[in-house]
Each structure stands twice: as structure tokens, then as C-alpha cells.
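Here is a short report on side-chain packing and surface features. Please read it alongside the coordinates.

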Amino acid sequence: MGIEIDIAWLTLIMFGSLLALLMAGLPLAFVTGGLACVFLFILGDERALNIVPSRIFPLMTNYQLSAIPLFIFMAAMLERAGIINDMFDVIYKVMGGLKGGLAAATIIASTILAAMVGVIGAAVVTMGIIALPAMLKRHYDPKIAMGSIMAGGTLGILIPPSILAIIYAVVAEQSVGELFIGAVIPGLMLSGMYIAYVVMRSYINPALGPAIPVEERVSNREKVQLIGKMAAPITLVAVVLGIIFSGVATPVEAAGIGTFGAFIVAAIHRKLDWPTIREACTTTLKASAMVIWIMFGATIFVGLYVLEGGQQFVQDALAATGLGPWGILILMQILLVILGMFLDWVGILLLCVPIFVPIIKALGAAAFGLSSPEDLVLWFGVLYLVNMQMSFLSPPFGYALFYLRGVAPPEIPMSDIFKSALPFLFLQIVGLVLCMVFPQIITWLPRLIYG
């Protein structure tokens, strides 16, 4: 029989060794899985290792997860077909005459991109390559330019079809469709707040975001023609989301239709050739494999922790703080943001959600002024997504900051990239508080659609 370790010590040893190995630069997927196997052997005997297949198999056979490679492939196809360049170009010409118009155009393009992509890194890097040089050339304030790219890029976590939302729904055993619909209004609200901030700052101080010169602007007739160019990809996004929201098809079926549609859109734009398809397949393989391996590793790690009584320990520890339900919720969210500074989003989800969701359910819907347990799980799910969005922007280790560093001009110091994220981080906190205080922002649309 294995060794008996007190759960408080075990928590410290398990999560301490996890952090130590991650800081040594080892990949999250193999650290969590490897540590879990080591602890399983120390705490149990060879029979305890049976947990490994029993935790992984349900994930391998989970139908909902097959939406992930499909959505990644759809995004990769659209990106390779040059749609994103065209889209920025169109919005840029339509809105360039406004003060701060290019920054607003970047956020709008990122919002549409979020509805196509669902992966953060792609949006930040792509907009960094296309939009940043365009704005700097027009003498935009670099902080406004970089902030709008990063903030817009993080919307991919929230606006459906978000890959994080699919994994969350699988782990929390919730409907993917409901979570998608619940995230729509908060996503658009944040996008609107970013745009309002950028445009207002530029109108107060036109030097921050000058309008493009008159000779570069386009007539209204040309604007209509330009928007016509974007009809195909925008129709594709509308169809995919429409199918999910109307309940005609599951998110997985919608992802399949979207993937097929991406081929058609690429063909319309005359970009459907073998190199495009091959590159899109490679991107999909890499991204999906990374996500799935992290899921395998983290699910064994958390499974072992819960089995040893970790769930109860965390619940008792939170109760012992003497905070009410709201205090516990806020504490959880602070923990998520802190973890977001160090860990990958898939890792955070798989380490925290299986422990947090039962605790929130135990507190009950009435404690937060909600009418049903379903509303409670949905509300917490969307709050979680907004939290993850914040962790992407929070210095010193927010992922979006480093994605942008990779494509920003070398003369821009890292400290400027940090500073440019702060106002948008503040707006995200405001958005989060609004969603907490007025749960209807999240629950209204799903209730309207699903009744």
C-alpha cells in the first residue's frame, strides 16, 4: 500500500512541484501527466495507475471535443486564404475617416475574427502584423495601437465559437450551445467598451489617433463595393453561429459545415490550392494535439487530487476564510487571474474548473440572486471566460503581451507593451463587475432562445 500524506501537505507538494517544473520550462501537458503518474505510484500501488486510462478514455470518446480541430481548421483555412488581410483593409477604408478610426477598425476586425477563429494567439499575431504597421505609419500613439490589438485579440476567448468554451462545457458537463449564446452579449459589450474608449480618447486628443488624410478616403459607392468583397466570409460566420443558436445543429455539426464553407470561401477568393490546404492541416494538427495532450495530463492530475480529498479540502479552506458566497466567488476569480500569469488557459481550466464548479453549485443559485441551478452554472461559466480574457492581458506574463512582442517593431520596449494593456485590462474588470452584478447580461439571451 502507498504512503499516507495529509491533504494540506499533499496540496502544497503537488502544486509546488507543478510550478517548479513549469518554471524550469517543461511543457505543461507532460508535467501534469508525469507528476500525476509519480504521485499515483507514491500514494497508491500499481493498481492505482488504473486511474490513468479511466480518466483519459472519456475524453478520447467525447463527441463535443471533435468541434475543436474543425474550428481550428476553419480558422486556418480562412487565414491562409488571405481573408483576414482583406477584412482589415475593408474596415480600415470604411472607418479610416474617423479620429481613432483605425484603432476602432482593428477592434471590429478582431471581433469578427474572434467569431471565425476562436484561438487567441492567431488573432493577436495576425492583427499585429497587419494593423500595427498601418497605425504607426499614420502616426498613431503606439500605446493605443498596441492596446487595441491585444484587447481585440483576446475577444476570441469569449465570442463564439470559442475553443475554451467548448472545453469548459465538456469539463463542467454543460451545454456548449448555451455557453456560446451566454457569452455573446458580454463579448459584444466588451468590444463596444474598447471601441468607445479608443474613439473618445482620440476625439479628446486627436494626436493619439489622427484620421487618415482626405485623399486616401474612399467614396460611399466604393465603400459598398468593398463591403461586398467581404460577403462570403461574413456569411460563413453568420451561417455557422446561426445554426448553433437556432438549435438546428450541434456545435460539432456546425463546425463541420463551417469547415466545408471555409473551402468554398477560399475557392471564391481563388486561394484554394494544395499548399493552402496542407498548411491549414499542419496548423490544425499542432494546435489540436497541444490542447488534447494538456487535457489528458491535467485531467489525471486533478482526478488524483480530487480522489485524495482535495475537493473537500479546498471547500473547507474557502469556508474557513469566513467570506460569504460573493467573497468566495471573488477569491476564485483573483486566483484565476494569478494563475493566468503563469499557466496556459487550457491548464487553468482543467486544474480549477473541476474543483470550483461543484463549490459554486454547493453555494446555491439563491446566494447570487439567480433563479435556477442551470442559470448559476451558465453565469459562472461566462464569468470564467471573462476572467481568462483578463489573464491574457495581465502583466507580467499575459500571453497576449508576448504574442504582440513577437511581431512589434524592436524599438518599442516591453514596458510600453505592458502600459498599453492596462487601460484595456481596467475595462475588462469593469465588464466583469457588470456581469457579476447584473447576471441578466449573461442569462437573458440563452433564456430567450432556449426558453
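## Aromatic pairs, a nonpolar patch and helix packing

W379 is buried, with a relative accessible area of 0%. Buried means under 20% relative accessible area, exposed means over 50%, and partly exposed lies in between (1.4 Å probe, protein chains only).

The model is predicted: local features need pLDDT of at least 70, side-chain atom pairs count only at pLDDT 80 or more, and totals for chains, interfaces and linings use all residues. Residues are numbered from 1 along each chain as its sequence is written, and side-chain values use heavy atoms, with hydrogens and water left out.

**Aromatic pairs.** The structure holds eleven aromatic pairs. Rings of Phe, Tyr and Trp (its six-membered ring) pair if their centres lie within 6.5 Å; planes under 30 degrees apart are stacked, those over 60 edge-to-face, and the rest tilted. Helices here are DSSP runs (H or I, at least four residues), as are strands (E, at least two), numbered from the N terminus. F15 is partly exposed, at 25% relative accessible area. Y305 is buried, at 1%. W326 and W379 also pair: their ring centres are 5.9 Å apart and their planes at 80°, so this pair is edge-to-face. W326 lies in helix α16 and W379 in helix α18, so the pair ties together parts 53 residues apart in sequence. Ring pairs also link F15, F301 and Y305 into a cluster.

**Nonpolar patch.** A nonpolar surface patch of about 860 Å² is made by L19, M23, W326, I330, I334, I338, F342, F397 and F402. Patch residues have over 30% relative accessible area and no salt bridge; like charges are joined within 9 Å, nonpolar side chains (Val, Leu, Ile, Met, Phe, Trp, Tyr) within 5 Å. A salt bridge is a side-chain nitrogen of Lys or Arg within 4 Å of a carboxyl oxygen of Asp or Glu. Helices α1 (7-23) and α16 (325-342) each supply at least two patch residues. The most comes from α16, with five. F397 is found in the loop between α18 (373-393) and α19 (399-407).

Partly exposed residues, with their relative accessible areas:

| Residue | Relative accessible area |
|---|---|
| W326 | 34% |
| F397 | 41% |
| C37 | 29% |
| C281 | 34% |
| K419 | 45% |

**Cysteines.** How many disulfides are there, counting pairs of cysteine sulfur atoms within 2.5 Å? The count comes to zero.

**Helices α20 and α21.** In helix α21 (residues 440-450), I441, I442, T443, L445 and P446 are buried. The buried residues of α21 pack against α10 (176-204), α18 and α20 (414-437). Contact means heavy atoms within 4.5 Å. Which residues does Q428 touch, not counting residues up to four places away in sequence? They are T154, L190, Y194, V386, Q389, M390 and L393. Q428 is found in helix α20 and is buried, with a relative accessible area of 0%. K419 is also found in helix α20. K419 and M146 are 273 residues apart in sequence, yet 9.7 Å apart in space, C-alpha to C-alpha.

How values were computed: Accessible areas come from the Shrake-Rupley method with a 1.4 Å probe; for residues, only the protein chains shown count as cover. A disulfide is a pair of cysteine sulfur atoms within 2.5 Å.
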